[in-house]
Amino acid sequence: ERARLLRGQSVQPVGPQGLLYVQQRELAVTSPKDGSISILGSDDATTCHIVVLRHTGNGATCLTHCDGTDTKAEVPLIMNSIKSFSDHAQCGRLEVHLVGGFSDDRQLSQKLTHQLLSEFDRQEDDIHLVTLCVTELNDREENENHFPIIYGIAVNIKTAEIYRASFQDRGPEEQLRAARTLAGGPMINIYDAETEQLRIGPYSWTPFPHVDFWLQQDDKQILENLSTSPLAEPPHFVEHIRSTLMFLKKYPSPTNTLFPGNKALLYKKNEDGLWEKISSPGS
């Protein structure tokens, strides 16, 4: 029933004010006390799932974009991120919402759904599954091809409302963050709710194998080889992969070029609710 209601919503465009956008294999957690962030969101999920875990007592909310790389390690990370809010012990319960994926040929969505459900089930805490809008429950068919219905969601930290969403602004450092993921980086937490700062890096990766070869390929080759679901990708997918590959070619080893002094890049919301770079301590 929850899945049906969510699927039936129209997609709301979410502006950059008060938004913390979460990319693939990133995690962010905050609570209603946060003065900077009121919305967590992510989109462009095809076979991926977007996971929201929330504690109903203190309102601590975690949103993450899981692609099945290492679900066994990721679920405890999600759990611990919520437990890091010290007033965790108060009354209330843990509620989880899983959204995304479709009936894809390679059954990657189905596999991810099973992994996430069994890992959450394996946790010691009681976790209440509130929304399950994944795989076949998020599938539509057109000319015998399957597509996800919902590609993106947002959660309002203050009201706990979860809704279908699209995003124009996926920053800051969208390319750098995408490059880390394409280069095979693990799930990471990108936000510090205490200081209300987005922390990026420092990352390290090894040169992307055959980057020149991939950059010479046509759109069809890129889709077929670098997508988990070539037919269901959003229209900007190939362009996004190309620009990410260009970025990895330009920065084969990011440590000191992109992170001066090997320090994290720090961002904070300004008075208009937009991200602004702050100089790192001691720089």
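**Inside a predicted model: strand, crossover and pocket**

Visitor: What makes strand β7 (residues 94–100) largely enclosed by the rest of the structure?

Guide: Seven of the seven residues of β7 are buried, so the strand is largely enclosed by the rest of the structure. Buried here means under 20% relative accessible area. Keep in mind that this is a predicted model.

Visitor: How do you know that strand β5 (residues 49–55) and β7 pair?

Guide: Two strands pair if there are at least two bridges between them. β5 and β7 have six, in the antiparallel sense, so they count as a pair. One of the bridges joins Val 52 to His 97 of β7.

Visitor: And which way does β7 run beside strand β8 (residues 127–134), parallel or antiparallel?

Guide: Parallel, with seven bridges joining them. Glu 95, for instance, has His 128 in β8 as its bridge partner. The chain gets from β7 to β8 through α3, and this β-α-β crossover is right-handed.

Visitor: What about the largest pocket: what is its volume, and which residues lie nearest its centre?

Guide: The volume is about 760 Å³. The lining has 34 residues, with Gln 24, Cys 48, Asp 67, Thr 181 and Phe 237 nearest the centre. Among the elements giving two or more residues to that lining are α3 (108–122) and α4 (174–182). By class, the lining has ten nonpolar, 16 polar and eight charged residues.

Visitor: Which residues of α4 are called buried?

Guide: Leu 176, Arg 177, Ala 178, Ala 179, Arg 180 and Thr 181. The buried residues of α4 pack against several elements, including β2 (19–21), β3 (26–30) and α7.

Key:
Residues numbered from 1 in each chain as written. Predicted model: local features only at pLDDT ≥ 70, side-chain atom pairs only at ≥ 80, totals over all residues. Heavy atoms only, no water. 1 Å grid on protein atoms, 1.4 Å probe; cavity = no way out; pocket = protein on both sides within 12 Å on 5 of 7 lines; lining within 4 Å. Points joined across faces, edges and corners; volume = space filled by probe spheres on them. Helix = DSSP H or I, 4+ residues; strand = E, 2+ residues; numbered from the N terminus. Nonpolar A, V, L, I, M, F, W, Y, C, P; charged D, E, K, R; others polar. Buried < 20%, exposed > 50% of the residue type's maximum accessible area, 1.4 Å probe, protein only. Contact = heavy atoms within 4.5 Å. Right-handed = clockwise from strand over helix to strand, strands pointing away.
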